[in-house]
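Let's take a walk through a protein model together. Have a look at the sequence and the 3D picture, and then we'll go through some of the contacts.

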Amino acid sequence: MSSVLTTGFEDYMIPCVNKKIFGVECLGCGMQRSFVHVFTGEFAAAFKVYPAIYTILLLLAVIFVNFFVKFKFDYQIKIGLIVLNAIVIVVSYFIKMNQFV
């Protein structure tokens with residue numbers, strides 16, 4: 001694991017309630033660690049921890065730009081990115097869970 005995550009960032013991360021109660025990771029498990037990896041420049045590690053990180057960042061970037069610049073088909077683009085995010089999150093979750101079976 002990265003040296004950045006072992007130097008104190010884990011102390012401030014919100015624990016997964018689903019994992020604590022049921023012992024099974026949720027669809028969002030790994031997102032916080034992935035954001036830390038992205039912002040520290042460890043892009044491959046970020047993808048490995050949570051593959052949907054880049055589609056989420058793309059969606060957030062489009063939403064942010066759309067506040068200032070209105071463009072044609074912005075609604076359809078945002079809906080398409082939301083659907084893409086949902087697909088990536090669900091598929092990566094099932095791949096991750098099949099590794100434990």
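Which side chain meets that of Lys-96 in a salt bridge? The partner is Glu-25, with N and O 2.9 Å apart. A salt bridge here is a side-chain nitrogen of Lys or Arg within 4 Å of a carboxyl oxygen of Asp or Glu. This pair links distant parts of the chain: Lys-96 sits in helix H5, while Glu-25 is in the loop between helix H1 (17–22) and helix H2 (31–39), 71 residues apart. Helices are DSSP runs (H or I, at least four residues), numbered from the N terminus.

Before going on, a word on where this comes from: it's a predicted model, where local features need pLDDT of at least 70 and side-chain atom pairs count only at pLDDT 80 or more, while totals for chains, interfaces and linings use all residues. Residues are numbered from 1 along each chain as its sequence is written, and side-chain values use heavy atoms, leaving out hydrogens and water.

Back to Glu-25, which also forms a salt bridge with Lys-19, the closest N and O atoms being 3.2 Å apart. Shared partners join Lys-19, Glu-25 and Lys-96 into one network. The structure holds 2 salt bridges. Glu-25 counts as buried because its relative accessible area is 13%, whereas Lys-19, at 41%, is partly exposed. (Buried means under 20% relative accessible area, exposed over 50%, and partly exposed in between, using a 1.4 Å probe and protein chains only.) In general, side chains of opposite charge can pair when their charged atoms come close.

Now stay on helix H5, which spans residues 74–98, and find Asn-85. Asn-85 is buried, at 6% relative accessibility. Its side chain makes a polar contact with the side chain of Thr-55, at 2.5 Å. For two side chains in a protein, that term means a pair of N or O atoms within 3.5 Å, one able to donate a hydrogen and the other to accept it.

Ile-82 lies in helix H5 too, but this residue is partly exposed, with a relative accessible area of 44%. Phe-73 has a positive phi of about 65°, although it isn't a glycine.

Finally, which residues make up the largest nonpolar core? There are 7: Val-38, Ala-46, Tyr-50, Ala-52, Ile-53, Ile-56 and Ile-89. Such a core is a set of buried Ala, Val, Leu, Ile, Met, Phe, Trp, Tyr and Cys residues joined through side-chain atoms within 4.5 Å.

Technical notes:
Helices (H or I, at least four residues) and strands (E, at least two) are DSSP runs, numbered from the N terminus.
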